[in-house]
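Colleague: I would like to learn how to read cores and ring pairs in a model. Can you take me through one?

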Amino acid sequence: MSHDFPYKVGDISELSEHELAGELWATDKNTLEFRKFTYEGDGPDAFFMIGTHDADGNPNLDDGIPIPYSKDEVFIQKLYDINDEIPALQEFRNEQFKITLPPGIHVSDLKWLSVYCRKFTKDFGNVKFSSHDDQNEITDTLVNFTFHFS
């Protein structure tokens, strides 16, 4: 299913003792917008993480791409690594803001977004992206299918 922008991706789940809520919207192919975003800011090393694999079940955080965000600082748009210096998320109270995806990654590539704490390796909450194109799923299945002849 292809989407016209803007569209609501979904509501952020709350999977821990940390207060977390809000909506995630895609405003264009490179931009996500948080609306009514609330996070109490107590996670010692929490930040946004996106993934392009494993939409079903739990997000595969090993394949995650950190997205640094701060109210006070603008970050270079590049592919960040889990070992890079990434600031912890601050407190947010019903706030609205946008993040730009790293170069080469588009909204259509995303399977999930998580508020992830690196120190405790814990998913505080996430949003899963719906399937963008049923045909892609069929193609992916066929590509991974192996024929065995005896």
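The dialogue below turns to the nonpolar core, the aromatic pairs and one glycine.

Modeller: Keep in mind that this is a predicted model.

Colleague: Which residues of the largest nonpolar core touch the most other members?

Modeller: The general idea comes first. In soluble globular proteins, nonpolar side chains tend to be buried together. Here the largest core has 30 residues, and L32, F34, F37, F48 and L113 touch the most other members. Strands β1 to β8 each supply at least two residues. β3 gives the most, with four. Apart from this core lies another, of five residues, including F47 and W112.

Colleague: How many aromatic pairs are there, and how is a pair read?

Modeller: A pair of rings is described by the distance of the centres and the angle of the planes. The whole structure has 13 aromatic pairs. F5 and Y7 are 5.7 Å apart, centre to centre, with 35 degrees between the planes, a tilted pair. F37 and F97 have centres 5.6 Å apart and planes at 85 degrees, so this pair is edge-to-face. F37 is in β3 and F97 in β6, 60 residues apart. Both F37 and F97 are buried.

Colleague: Is G43 buried or exposed?

Modeller: Under 20% relative accessible area counts as buried. G43 has 5%, so G43 is buried. G43 sits in the loop between β3 and β4. Beyond its sequence neighbours up to four places away, G43 touches H18, A88 and F124.

How values were computed: Residues numbered from 1 in each chain as written. Predicted model: local features only at pLDDT ≥ 70, side-chain atom pairs only at ≥ 80, totals over all residues. Heavy atoms only, no water. Buried < 20%, exposed > 50% of the residue type's maximum accessible area, 1.4 Å probe, protein only. Contact = heavy atoms within 4.5 Å. Core = buried A, V, L, I, M, F, W, Y, C linked by side-chain atoms within 4.5 Å. Phe/Tyr/Trp six-rings, centres within 6.5 Å; stacked < 30°, edge-to-face > 60°.
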